[in-house]
Amino acid sequence: MTKPFAIHYTIKPSKPEAHLYQVSCLIDAPDPTGQLVYLPAWIPGSYMIRDFAKNIVQLRASDSQGEVRTEKLDKQTWQCAPSSGPLQLEYEVYAWDLSVRTAHLDTRHAYYNGSSVFLAVKGKEHQPCAIDIQPPDGKQYSAWRVATTLSRRSAELYGFGHYRANDYDELIDHPVEMADFSLASFEAGGIPHDIVLSGRHRADMGRLCDDLQRICQQHIDLFDELPPMERYLFLTMVVGSGYGGLEHRSSCSLLCGRNDLPLANQSDRSDEYVTFLGLCSHEYFHTWNIKRIKPAVFMPYNLQQESYTRQLWAFEGFTSYYDDLGLVRSGLISAERYLQLLSETATRVWRGTGRLKQSAADSSFDAWTKFYKQDENAPNAIVSYYTKGAMLALALDMLIRQHTGYQQSLDDLMRRLWLDYGKPQIGVPEGQIEKIASDVAGRDLSAFFSQYLYGTDDIPLADLLATMGVSFSLRPAENMEDKGGKPATSRRPLANIGARFINNSIGAQISYVFDNSPAQNVGLSAGDVIIAIDHLKIDKAGIDKLIASYPVGNQITVHAFRRDELMVFTVSLQASEDNTCVIQLDDKADAEQLNRRRTWLKDTGQQNHNEAAAKVTVAN
Ligand code: ZN
């Protein structure tokens, strides 16, 4: 019997109440010397070793003669004994991680990434495979449908049944959701775009489509085209509170809080909703930047171990720059609101002294063990390649504009990357983005990169933004909730102990201690539980306000438990540092600066609420 596919996978949520998928993998012509199979250790887009194979339960192999012996060679690889004819593998996968990166299954829904459930067949990773997605047994699941951008064979759109993938890379790049979900559609770039919401919600799906349509169209316009695809899918899990996103070639997985979504009677866009739109914008921009324009070391991915690149500052940083920029450029938020978001991103960079110790290039390289494995010392030791990368993108955008007489911008750099690397599917060599940036700017930018990308100097944003009629300044935080953006309201410097706290049943537990702070100077440490200040009981709810009520320079007596030992500290309170960023429209901008600013933000001065309303169809 000949089959058009070398490998047939079947997946079924067999025991939703026990969070178990039943998976089978039929290999037509296994390696005659004994087939090797393995599961990835990490998923593209999330740079951490996660060892998905730990969730495989009871793997069995068989052929026409009966059982085939298997031996585990390492944490994720199985060696099957030589078999006669096709080899069938059967196993269960435990799925109880509610994140966009792995797999989750209960009686409400089923979600999985292929990298968590489908064994790769060594030597056959480039062969086409068939996937049969089966529904769970039971009447209570009769309303479930399937949301995925996997190519369909006989399955109907949103139906259970037969799908296909051209290779293993494609197989694991289309996450799948099965549930009784809400679905709405719009069109962008001539392609249907669907949004699926799984989980309890009361979101205004029409509103969501309308806003997403404008974001998508805006990014498509930047690159002049959407990469070839049949449809695009925003696959969203709605929970009480949560936040997460992972990009894929023609879809993205999102996790959001119920209150992040717009309600039918809500006319303005709440901060939570704008954050959600920013997340959608971010993942959609990745459709070009990282899913097609890729570091050379990711072509192909080596999913069995860490894969090092110094370029994440550009792939995540540029994407972080364009996510919120896409919101103002599509008219969903005002220029003022955009600069508030930009101030918050900048503040996240300036708040940590880690920015003076780790470069954005090194942050990219060490993503596996540092950015993705942050501990209590992270603010003092590392910088985020997302936020610092976004600031580098902003600086580059300003520099390219200045050096080219405002004829070129970072948009032109992105289009070059798309045409020269993304579209022809050529990996971007290490260091190449810097060279192209110099090319687009028409002058050598290597000094900029050695100072701010490979070095740790603070980027001179005040000078760079001034030409746009935008001001940048630093001030002390006014309270612990101060995220930046707004000008100072108080002249009095805030007294500061230099620590962050979390709730603890007996007091305020220290989560972070900042470098050279009063807390660090006396030896207060992460994990310590402060129970009294100046001999009065204190908890998490009151500690920040109490400390801020003292004059700067005052000494306070702190009682704290370290494990079970009570310790006493005398702490001299200091003034907060200037590490809160304020980026604002400059009222005194001249006509030329205003013009540049409008070109940059595509800001018409008014939000186009109803213009070009998306063609929206809503189902369920
Ligand atoms: Zn990203």
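Predicted model: local features only at pLDDT ≥ 70, side-chain atom pairs only at ≥ 80, totals over all residues.
Strand E3 (residues 36-38) and strand E7 (residues 77-80) pair over 3 bridges, in the antiparallel sense. Tyr 38 has Thr 77 as its bridge partner in E7.

Another open sheet is also formed by 4 strands, with antiparallel pairing. Here the order is E9-E10-E16-E13. The edges are taken by strand E9 (103-105) and strand E13 (145-147). Each of these has a single partner strand, so one side of each lacks a neighbour in the sheet. On average, neighbouring strands of this sheet are turned by 15 degrees against each other, direction ignored. Strand E10 (residues 109-112) and strand E16 (residues 176-179) are joined by 4 bridges and pair in the antiparallel sense.

A hairpin is formed by E20 and E21, with 3 residues between them. Strand E20 (residues 243-247) runs antiparallel to strand E21 (residues 251-257), and 5 bridges join the two. Tyr 243 has its bridge partner, Cys 256, in E21.

The helices come next. Two packed helices are described by the angle between their axes and the distance between the axes. For helix H5 (residues 312-329) and helix H6 (residues 335-350), the axes come within 9 Å. They cross at roughly 165 degrees. Angles over 145 degrees count as roughly antiparallel; H5 and H6 are therefore roughly antiparallel to each other. The crossing in which H5 passes H6 is right-handed.

Empty space was also examined. Rolling a probe the size of a water molecule over the atoms shows where such space is left. The second largest pocket has a volume of about 590 Å³. It is lined by 25 residues, and the closest to its centre are His 126, Asp 167, Asp 169, Pro 300 and Tyr 301. Helix H2 (residues 168-171) gives the largest share of the lining, 3 residues. By class, the lining of this pocket has 10 nonpolar, 10 charged and 5 polar residues.

How values were computed:
Residues numbered from 1 in each chain as written. Heavy atoms only, no water. 1 Å grid on protein atoms, 1.4 Å probe; cavity = no way out; pocket = protein on both sides within 12 Å on 5 of 7 lines; lining within 4 Å. Points joined across faces, edges and corners; volume = space filled by probe spheres on them. Nonpolar A, V, L, I, M, F, W, Y, C, P; charged D, E, K, R; others polar. Pairing = 2+ DSSP bridges. Axes fitted to C-alpha atoms, helices over the stretch in contact; angles between N-to-C directions. Parallel < 35°, antiparallel > 145°, perpendicular 65-115°, else oblique. Left-handed = near helix turned anticlockwise from the far one by under 90°.
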